[in-house]
Amino acid sequence: MLRTLLRRRKKSLSIEDVTVTDRPEVRRAVLAAALGNMMEWFDFGVYAYMAVTLGKVFFPSSSSGAQVISTFATFAAAFLVRPLGGLVFGPLGDRIGRQRVLAATMIMMAVSTFAVGFLPAYATAGFVAPLLLLVCRLVQGFSTGGEYAGATTYIAEYAPDTRRGFLGSWLDFGTFVGYALGSGLVTVLTVVLGTDGMTDWGWRLPFLVAGPLGLIGLYMRMRLEETPAFRAETEAARERTAGAGTGDDEVEEARQSGRGRLKEIFTGHWQAVLICMGLVVVYNVTSYMVTSYLPTYMTQTLGEDPTTAQLLILGTMVLVALTITVVGRSSDLWGRRPMFMAGSAALIALAVPSMLLVRAGGALLPAFGCLILGLLLVCFAGTSAATLPALFPTRLRYGALSVSYNISVSLFGGTTPLAVSALLESTRDTMVPAYYLMAAGAIGLVSAFFLHETAGRPLRGSGPMVETPEEARLLVAGSRTEAGRHARDIWMRLRHPGRRHHDEH
């Protein structure tokens, strides 16, 4: 009798607790999420590679150094509104669904990026021209505030537990493919049209490509279903509301509101928020240093040939894209925590050597420096999409991740080009980028130390996710065996309280 009660205390899984994923549906979810991220980073690639050109178009009265800083200040302004986008879209995604919000952010991103291609230059509209550029960037930043967190949440909630790292890495694969496409297009146009042609009218073409890309991404996202985890959480919330009394109903309504969710995030999950922000710092500082600042650093500061610098960074992005899914699969096998700790430690150790190679001159040594930075970047890029959503429970995941991610990106990630270029301008020390990377690596190492391992485990607040019915049956059988073993151990300790102590001696 007692043993039966003990068995019931440790509840075993039932087959209804395990979700069997649908492979075609998972494939569509990953593709649609990655395409939106590709669209976002296509714009970043274009903007980073044309920083010098856009400075001449929109800030012609400044010196060359001031032009670059002004262009990057406009770039950074988009990141200042990202937390606002996260505050709006994140809790909204937890309330009305991930799919609807991701479709809305896709529309806003595509329209604002497309509009840049039609803006007047400073020579035509004067001060109005950079002001309109700033408005477009602010709309892009606001929509992006709900994009990455929503896309990672969507993939994480669709992926089987044992393949979350691999499938999540495809999201950032889209990131670097988008960046490579954007930067590659600018490189080709620069070679074909020349510097003068790009300054006159060629700078518009890459932004105009965003329109068709946005339509494709929107079509893909409109065809998606809601994630199993969100559907289960919505059903549970309805049951709680239906079973609540009058007073409890008011409490539950306040808890489900956007303000109630934000309060719960910062009071009940502040440790996870800090860990998330620290991991985002090391990933995004490394990413924006390599993708957004390094092309300008090599041309403006080091005096490298623009085409050579662009090809080196483009090659680095191709390397990251080719290796990122391998890293994602490795994080499923070895764990997320070891990948982040190893990458952060390596960033601290190798930041200075890699930057010394980058500034060595020529093509060969800078290529090795870019190779090192690319391999460091992929340690974080291939792991983040599976790590960050697992920090938070289902009912708060989109909102908590949006707020944490965007605050960190706004303060440290997106401001990296502006901060580093300003520090370099004031100190004249060409090793400033290396020191900045080392500081980010230290933050990442501390954050990874406090990270709990989530590889192969269900997301917080959700049941197990598997690929086949056979895996579900094996998981349930194993759970029942484990529950029985646990009950047996407690039973033996109650029947023979001195035996364990005797056996240990």
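Start with Arg163 and Glu467, whose side chains form a salt bridge at 3.1 Å, N to O; the term requires a side-chain nitrogen of Lys or Arg within 4 Å of a carboxyl oxygen of Asp or Glu. Arg163 sits in the loop between helix 9 and helix 10 (164–202), Glu467 in the loop between strand 2 and helix 23, and 304 residues separate them. Helices (H or I, at least four residues) and strands (E, at least two) are DSSP runs, numbered from the N terminus.

This is a predicted model: local features need pLDDT of at least 70, side-chain atom pairs count only at pLDDT 80 or more, and totals for chains, interfaces and linings use all residues. Residues are numbered from 1 along each chain as its sequence is written, and side-chain values use heavy atoms, with hydrogens and water left out.

Glu467 also forms a salt bridge with Arg23, at 3.3 Å, N to O. Arg23 belongs to helix 2 (residues 23–49), so this pair ties together parts 444 residues apart in sequence. Glu467 is buried at 13% relative accessible area, while Arg23 is partly exposed at 48%. Buried means under 20%, exposed over 50%, partly exposed in between, with a 1.4 Å probe and protein chains only.

Next, Glu147 and Arg221: their closest N and O atoms are 2.6 Å apart. Glu147 lies in helix 9 (residues 147–158) and Arg221 in helix 12 (residues 210–222), so the pair ties together parts 74 residues apart. Glu147 is buried at 0%, and Arg221 is buried at 1%.

In total, the structure holds 11 salt bridges. Asp94, Arg98, Glu157 and Arg397 are linked in a network of them.
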